[in-house]
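The following note sets out points for a colleague reading this entry.

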Amino acid sequence: MIEAIQVGGIWMLPIILALFVGVAIAIERLIAVLSRSMSSKKFMQEVVASINSNKIDAAINHCENYKGKTLATVVHQGLIKANRTDVEIQSALDASALKEYPTLTKRTSFLPMIANVATLSGLLGTIVGLIESFAALSSDKIPADQKTAMLAAGISKAMYTTAGGLIAAIPILILNSIVVALTTGILDDVDAASMEVLNKLRARKVDNASRSASMTR
C-alpha cells in the first residue's frame, strides 16, 4: 500500500481522500437509515387493529412507542387528524412524509460523485504516467540506459493510480447501493402504510356515521 502511494505520487492523494470521505459518509448514512427503519408488518397490524376497534388514542400511543422511526412518525401525523376530513388526513400524511424524506436521503447523493472523483483521479494519474513514459522515450537528453527505468516508472504510476481509483470507487458504490435500497424500502413502507391508514380511517367514519344514523332511528 505504501509503495503504491509512493509510486502513484500526488494523484493518489485525491483517491485516498475520496475513499475515506466516501466510506465515512456511507457509514453515517447506514447508521442513520437503520436507526429510522422498523418492521412495518407487525407495527401496522397493531395500528389497524386499534383503528378497527375505534381506539384512535391507542393507535396514537402505539406510534409514540416508536419515536424516531420514520414510518411511525408519518402514521402518527395521520392518526392525529383521524376526525378531520379525508383531505386533511392525506395532507398530514404527505406533509410528514415530505419532512422525513430529506432526513433519510441527505448526503447520499454525494456518494456517486465521490466514486466518480476517485475513478477520474485514477484515470488522470494514468494519463500523466503514460505521458511521462512516452516523454522519456522520445527525449534526446535522457541516456538510453535510463529510458527503460523511466518508462517502467511511468507505467507503474499509470497502473497504480488506475487500481487506486477503482479500489476507492467500488466499495463506495456498493455502500451507496445498500443505503439507497434501505431508504427506498422505508419510503415504500411509508407509502403503503399511508394509504392503508387513510382507507381504514375513511371506513371508520362510514361505520360511525351508520351507527349514529341507526341510533337516531
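1. The model is a predicted one. Its largest nonpolar core holds 41 residues, among which Phe43, Val47, Val75, Leu79 and Leu201 touch the most other members. At least two residues of this core come from each of α2, α3, α4 (56-64), α5 (70-80), α6 (86-105), α7 (110-138) and α8. The most is given by α8, with eleven residues. In soluble globular proteins, nonpolar side chains tend to be buried together.

2. Leucine 201. Which residues does leucine 201 touch, not counting residues up to four places away in sequence? Leucine 201 is in contact with Ile51, Ile56, Gly78, Leu79, Ala82 and Ile89. Leu79 is itself named, as is Leu201, among the core residues that touch the most other members.

3. Overall architecture. The protein has eight helices and zero strands. Of its 217 residues, 35% are buried. Contacts between residues at least 6 apart in sequence join residues at least 24 apart in 78% of cases. The protein exposes about 12500 Å², and carbon and sulfur atoms supply 65% of that area.

4. Helix α2. This helix spans residues 12-35, and its 24 residues reach 35 Å from the first C-alpha to the last, close to the 34 Å expected at 1.5 Å a residue. Its buried residues are Met12, Ile15, Ala18, Gly22, Ile25, Ala26, Arg29, Leu30, Ala32 and Val33.

5. Helix α3. Serine 40 lies in α3 and touches Leu71 and Asp189, residues up to four places away in sequence not being counted. Serine 40 and isoleucine 186 are 146 residues apart in sequence, yet their C-alpha atoms are 8.8 Å apart in space. Serine 50 also has its place in α3, which covers residues 40-52. Serine 50 counts as buried because its relative accessible area, 13%, is under 20%. Beyond residues up to four places away in sequence, serine 50 touches Lys55, Ile56, Ala58 and Ala59.

6. Salt bridges. The count comes to five salt bridges. Arginine 107 pairs with glutamate 28, with the closest N and O atoms 3.0 Å apart. This pair links distant parts of the chain, 79 residues apart: arginine 107 is in the loop between α6 and α7, and glutamate 28 is in helix α2. Arginine 107 is partly exposed at 33% relative accessible area, and glutamate 28 is partly exposed at 29%. Arginine 36 forms a salt bridge with glutamate 100, where the closest N and O atoms are 2.4 Å apart. Here too distant parts of the chain are linked, from the loop between α2 and α3 to helix α6, 64 residues apart. Are arginine 36 and glutamate 100 buried or exposed? Both are buried.

7. Glutamate 88 forms a salt bridge with arginine 84, the closest N and O atoms being 3.4 Å apart. Glutamate 88 is partly exposed, at 33%, and so is arginine 84, at 42%. Salt bridges with shared partners join Glu28, Arg29 and Arg107 into one network.

8. Nonpolar surface. Leu34, Leu166, Ile170, Ile174, Ile178 and Leu182 make a nonpolar surface patch of about 510 Å². Helix α8 (residues 144-216) supplies the largest share, five residues. Leucine 166 lies in this helix and is partly exposed, with a relative accessible area of 43%. An α-helix has 3.6 residues a turn, so residues three or four places apart point the same way.

Conventions:
Residues are numbered from 1 along each chain as its sequence is written. This is a predicted model: local features need pLDDT of at least 70, side-chain atom pairs count only at pLDDT 80 or more; totals for chains, interfaces and linings use all residues. Side-chain values use heavy atoms; hydrogens and water are left out. Patches are made of residues with over 30% relative accessible area and no salt bridge: like charges are joined within 9 Å, nonpolar side chains (Val, Leu, Ile, Met, Phe, Trp, Tyr) within 5 Å. Accessible areas come from the Shrake-Rupley method with a 1.4 Å probe; for residues, only the protein chains shown count as cover. A salt bridge is a side-chain nitrogen of Lys or Arg within 4 Å of a carboxyl oxygen of Asp or Glu. Helices (H or I, at least four residues) and strands (E, at least two) are DSSP runs, numbered from the N terminus. Buried means under 20% relative accessible area, exposed over 50%, partly exposed in between (1.4 Å probe, protein chains only). Contact means heavy atoms within 4.5 Å. The expected span of a helix is 1.5 Å times one less than its number of residues. A nonpolar core is a set of buried Ala, Val, Leu, Ile, Met, Phe, Trp, Tyr and Cys residues joined through side-chain atoms within 4.5 Å.
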